[in-house]
Amino acid sequence: MKRQTTQLVGMIRSGLNLISQAISIHDQDLKLVHANRPFQKMFQIPDALMATGTDFKETLKYVAEQGEYGHVDDIDAFVDDKIALARQFKPHYFERTRANGTSISVDGSPLEEGGWITVYTDITDIKRNDDRIRSRAESLSEELLVRSATLAETNRELTATVRALEAARQDLQASRERLDLINRMTPAHIAHVDAAGHYTHSNGRLPSILPETELHIVGDHMRQILGEQIWTHVEPRLSRVMTGEEDVSEFRDEQSGKFVRLAMTPDFSVSGDVVGAYILSTDVTKEVTARNALTYARRRELATQLTSAMAHDFSNLLTIIMGEQAQLDSIENLPPKALAISETIKSAAKRGADLVGRLNSVSPQMTLDQTAVNLPAFLRTFEPLARAALPEDTRFDIANQVPDDTLIFDAGFAQDALLNLVINAGEACDTSGTITVRTSKTPDAQLQFEVVDNGPGFLPSALEEALNPFFSTKGSKAGRGLGLTSAYDFAKTSGGHLTFANRQNGGARVALRIPYLLPALSEKGLVLLVDDDDAVRGTIRSYLRKYGHDVIEAASVEEATQLMVVDGLNLIVTDLDIGGTGTGLDVAACAPLNLPLLIITGLPETAPLRQKAEAAHVILAKPFGPEDFKHALDMIVK
């Protein structure tokens, strides 16, 4: 936008430079807006005084000091008098003879936006012609001579005025075009409504802020365009603006999930009455998301600090209880009542252990174990778990629309997150609801797990606070407030996100999205195996051949570099610590671009070298078996 505006201004200035008259334009503060080259040449103005923003007083003082107005005793007083006249912004026309003997006409016209434009015309030749006419017209009557002079002067005034008006028109047109360009290119919706709430102006950007709205809205009422949900937020604020107050607020569009900042300013008439409002709407979804994420992280950190101590102490108590219960079971010939009490203690202890696990899950960090998952099989395993957690009368369905059978994600955490969402939906629907889990691939390459129900939907408080740890709307029902929180943790840790909203036809919708990752090794091929330990190489070689790969081997970084030029190489497996020859990171640095690489290591997680490697590559920790090795290979994404 800035480049287009600069080009537009440049075109205007180029046009003024082509006009033979000297022209200068000043704003209402007497600052230079533009002066063309004939103006600079006529008065010999230095480049420093031709810069935009130069004070008219500086230019006037300069030309006075150069003798433009003849001998002036007190230049400062002379300049101040001229400035005082200029500030009146009145149309003026006069002719004067310069110190160099030439004659010019000066025609000044005020501009609508403030300031004025002045046209300077060299009329030396016209004056000389007049003098010749006068010298040859001794036989003409004095009356005819006076009338001719008057007519000539009038024509000159009219010509200068027409030129000035044309220049002013061009400047005004350019200003309007520039304003219109800025208005259209601004990444926000700029609008005006009348006192009744009907749009009288729009820059056409509303659909970029609210996708479900229309492009042409002038003449329509805000309620009709924005819809009931947004109008409920806007109406009281617009009423306040119509009383003369400014208002800035934020709201969430439930259909698109976007957050919008709405700024409204009253439009006052000349008499001081409010006749409408100016509206600026901007998409602040990224800003609000970042702000909420920071707040959420702080709350999670506090929750972690509170629960870690509780979980530790509770674990100690459970250890004692379970130990005493085990000793009670070891007593022979316990009466039936005592056996029943022992079973009750055991059951309560197990429930307590489960609760400790839940408390420990409230952690600022989550470590994922991403492996190749057969999605249909995952859903078949998940279905009975979900049905068991729901009331018998609740209808439960799964609809899988994912085109690929095998994807890369953490199946355990995904199952827990999805189960929490289903349980929440079931508790909201009571015993007569319908819950559906849909899986799909989104246009932006995300794997989406969507849970929808026909229950009462989220309460307003839940839409604001649902992701806060321990927030619950279940009242007297058992609830820890960690369902959506744990699902959100899984989504964010996986590189995705979680959204939730009420559906238009009733019920709630929660969408959990994670990256759509496919296993890399869809075809068998040649593998370069790099390790300085012969025995380890032999074990890994057997694994690779078991899975159908051909293998070439290297015992050092140097050997590995030489073998990388072999045709058909489609995978590198390397140890992180390759004796004294280098590291797996050295191998990775020499590897061809985009070639999949797996690093194996026996270094502890705290080792700096391992941490550095984990930041950029898939790591498989020793010891591992063939299935662990295959899972690691499957994690290498195309």
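User: Leaving aside neighbours within four places in sequence, which residues is Leu-447 in contact with?

Analyst: This is a predicted model, in which local features need pLDDT of at least 70, side-chain atom pairs count only at pLDDT 80 or more, and totals for chains, interfaces and linings use all residues. Residues are numbered from 1 along each chain as its sequence is written, and side-chain values use heavy atoms, with hydrogens and water left out. Taking contact to mean heavy atoms within 4.5 Å, and leaving aside neighbours within four places in sequence, Leu-447 is in contact with Leu-375, Val-402, Leu-407, Phe-409, Ser-440, Leu-512, Arg-513, Ile-514, Pro-515 and Tyr-516.

User: How do the residues in the contact of H12 with H13 divide into nonpolar, polar and charged?

Analyst: H12 and H13 pack at an angle of about 35° with their axes 10 Å apart, the axes being lines fitted to C-alpha atoms, for helices over the stretch in contact, and the angles running from 0 to 180 degrees between N-to-C directions. Their crossing is right-handed, a term for the near helix being turned clockwise from the far one by less than a right angle, whereas anticlockwise is left-handed. The contact is made by Phe-378, Thr-381, Phe-382, Leu-385, Ala-386 and Ala-389 of H12 and by Ala-411, Ala-414, Gln-415, Leu-418, Leu-419, Val-422 and Ile-423 of H13. With Ala, Val, Leu, Ile, Met, Phe, Trp, Tyr, Cys and Pro counted as nonpolar, Asp, Glu, Lys and Arg as charged, and the others, Gly among them, as polar, these residues divide into 11 nonpolar, 2 polar and no charged.

User: How do the residues of the contact of H3 with H4 divide?

Analyst: The axes of H3 and H4 (residues 75-86) come within 10 Å and cross at roughly 135°, which makes H3 oblique to H4, given that angles under 35 degrees count as roughly parallel, over 145 as roughly antiparallel, 65 to 115 as roughly perpendicular and the rest as oblique. Phe-56, Lys-57, Leu-60, Lys-61, Ala-64 and Glu-65 in H3 meet Ile-75, Asp-76, Phe-78, Val-79, Asp-80, Lys-82, Ile-83 and Ala-86 in H4. The residues of this contact divide into 8 nonpolar, no polar and 6 charged.

User: Which residues in H20 does H16 meet?

Analyst: The axes of H16 (residues 534-546) and H20 (residues 626-634) come within 10 Å and cross at roughly 65°, which makes H16 roughly perpendicular to H20. H16 passes H20 in a right-handed crossing, and the residues of the contact divide into 6 nonpolar, no polar and 1 charged. From H16, the residues Ile-540, Tyr-543, Leu-544 and Lys-546 meet, in H20, Pro-626, Phe-629 and Leu-633.

User: How far apart in space are Asp-634 and Leu-518, C-alpha to C-alpha?

Analyst: Asp-634 has its place in H20, and at 11% relative accessibility Asp-634 counts as buried. Although Asp-634 and Leu-518 are 116 residues apart in sequence, their C-alpha to C-alpha separation in space is 8.4 Å.

User: Is Leu-30 buried or exposed?

Analyst: Leu-30 is not a glycine, yet has a positive phi of about 60°. The place of Leu-30 is in the loop between E1 (22-26) and E2 (32-35). With a relative accessible area of 1%, Leu-30 is buried.

User: Is Gln-44 buried or exposed?

Analyst: Gln-44 likewise has a positive phi, of about 55°, although it is not a glycine. Gln-44 is found in the loop between H2 (37-43) and H3 (56-65). At a relative accessible area of 57%, Gln-44 is exposed.

Definitions and conventions
Helices (H or I, at least four residues) and strands (E, at least two) are DSSP runs, numbered from the N terminus. Buried means under 20% relative accessible area, exposed over 50%, partly exposed in between (1.4 Å probe, protein chains only).
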